[in-house]
Structures are given as C-alpha cells and as structure tokens.
Amino acid sequence: MKYKTINLCMSLTFSLLTSTSQAQNIEYSKIKAIEHQLGDLMELTDTNEVKNKLEEVEQNYHTNPSELNKIRLGIIYHETALNFTFLSKSNYKGYAQKSYDILTELSKNEQIDQNFMPFIASYRASSVSLVGAETQKLSFLSQAFDLFSDAVKKYESVSYLPEFLRGSVAENLPWIFVFKKKAAKNDFQSIILKQEKNDSYANAKIMSFTYWAWANQHPSKKFRKQALFYLDKAIALDPNYKAGRKKAEELKMSIVK
C-alpha cells in the first residue's frame, strides 16, 4: 500500500505538470531538454569560466543567431553582470541592461517556441533586478518582482527557475526589504517540496544551492537539525565545488561550533 501511495502521488504530480503545460503549449520533456542546452551558463561562480563563456557565446551567436543562441547570449550577459558589475574597477558595466534588452525582445516575439519562455521570463526578471542594483533605482526592483510573480504563476510547475532566481534576488536584499526577503524562504522551500515529489524537477547544482540557501535562512536552534541535514545534502551534491558546497561547508562549521 505504501508503494501504491507513492506511485499515486507521482502520477498526480506529472498529471499536474502535463495539464499546466498543455494550457500554455509547453511540454515538460522539452523544458528539460532546453535546460540541458542552457545549463552550462547557469549559476556560474568561476569568473574565468564566465569570461571564457562570454567570448564563446558571443562568437556562436555571431555565427548562428538562432533563438537558442540568443537566449544563451541573454543568460551569459546576466551571469557577466552578476559576477563583475559590482566590482569597483569593473569593465563590465551595462551587461545587466544588455541582458534585459535581449530577453525583452525575445519575450515579445509572438512566434517563439513557448518552451523557451520559462528561461526567458525568469532571467528577464532577474536581469532587471541587476539593472536596479547597478543604477540604485528602486523602480527597477519593483518591476523585477512583478515580472517574477508573473513567471512563477505561469511556469513554476514545469521549471524551478522563476522561484530559484526570485529567491536568489530576495535573499541578497538589505533587511529593510523584509517582505521581499520572505519570498526567498517561500521560494526555496517550494523548490525542495517539488523536488521531493519529482526528483527530476531540478538538477544537482541547483539543489545544492537551494539546500544551502534554506539552511542559511533558518538560523534558529529549532531548525538546527534540519539545516544540518540540508547542508550535508548541499555538500554531497557538489563534489567539484561548482555550486553550494563551499558556502555549505562554511555554514555547517559555524553551526557546529
């Protein structure tokens, strides 16, 4: 009976994914295939890798300006802005705006394959938040969260990206944005719950970051056992230090001490 219950839950989960995606002409299997094609650009933490990918993606787009390569260009500009824009002597100012402009153009293309939209919408929202951080204009932050809300509403059942990127933006805001920071807790918890129901929902890299983020957001003693459990998962999922392992190890050490 236990295994029948698990199978029923899985069936219901995939039924929900199918019904939601069909309403938007989106197919879960295609979303995962596109994710695989874009995954080498997502959540880059090595600045040398970002520079190499920037050169590679720009060259590929110049040679073949396909929709996929244009999305890759928008994402690598986002990652470039995230890694370099806020350095005091950076030569990479303006990449957030470049990313936003490209992704906005793609989002307005009525002929575009709708399976691209979870990626376009999520990174578009995140890129405008980076524009806001670079220009220090709060109006861009409000715009970002409006775009995130729309993306989450449309695509959370088929992609972790809207909640993951919104949570990532929210957790780095100053304390005065207390209501937006709450979104980070809700978003990462939501991703974990979806992953428990469908272990293909997010990849190991994303879950490593997600488990670390959850632990980081729950510092009180009553969550200590759960936080340590998630930190161990974050570490195990990142054997090559490409995701959340370094931060997870540091946080675990501080908790244990």
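Here are some notes on the structure above, for someone meeting it for the first time.

1. A word on the model before anything else. It is predicted, so to speak, on its own terms: local features need pLDDT of at least 70, side-chain atom pairs count only at pLDDT 80 or more, and totals for chains, interfaces and linings use all residues. Residues are numbered from 1 along each chain as its sequence is written, and side-chain values use heavy atoms, with hydrogens and water left out.

2. What is the chain built from? The protein chain has 12 helices and zero strands; helices (H or I, at least four residues) and strands (E, at least two) are DSSP runs, numbered from the N terminus. Of the 257 residues in the protein chain, 48% are buried, where buried means under 20% relative accessible area, exposed over 50%, and partly exposed in between (1.4 Å probe, protein chains only). The accessible surface is about 13,900 Å², and carbon and sulfur atoms hold 54% of that; these areas come from the Shrake-Rupley method with a 1.4 Å probe, and for residues only the protein chains shown count as cover.

3. Take contacts next (heavy atoms within 4.5 Å). Among those in the protein chain with a separation of 6 or more, 62% join residues 24 or more positions apart. Ile 34 and Phe 116 give an example of distance in sequence: they are 82 residues apart there, with their C-alpha atoms 7.4 Å apart in space. Ile 34 lies in helix 2 and counts as buried because its relative accessibility is 6%. Leaving out residues up to four places away in sequence, Ile 34 touches Asn 115, Phe 116 and Phe 119.

4. Lys 32 is also worth a look, and it too is found in helix 2 (residues 28-38). Its side chain makes a polar contact with the side chain of Glu 35 at 2.9 Å, and the Lys 32 side chain reaches the backbone oxygen of Tyr 201, also at 2.9 Å. A polar contact is a pair of N or O atoms within 3.5 Å; within protein, one must be able to donate a hydrogen and the other to accept it, and residues adjacent in sequence count only if both atoms are side-chain atoms. Beyond its neighbours within four places in sequence, Lys 32 is in contact with Ser 200, Tyr 201 and Ala 202.

5. Now helix 7 (residues 138-155), which has 18 residues. Its buried residues are Leu 141, Ala 144, Phe 145, Phe 148, Ala 151, Val 152 and Tyr 155. Seen down the axis, they fall within an arc of 125°, so they line one face of helix 7; the arc is that of the directions from the helix axis to the C-beta atoms. These residues pack against helix 6 (117-135), helix 8 and helix 9. Ser 139, Asp 146 and Lys 153 are exposed on the face turned away from the buried side.

6. How many residues of helix 10 are buried? The count is 11 of 14, so to say mostly covered, and Phe 209, Trp 212 and Trp 214 are among them. The buried residues pack against helix 8 (161-171), helix 9 (178-197), helix 11 (224-236) and helix 12 (245-256). Asn 203 caps the N-terminal end of helix 10, with a side-chain oxygen 3.2 Å from the backbone nitrogen of Lys 205.

Definitions and conventions: Expected span 1.5 Å × (residues − 1).
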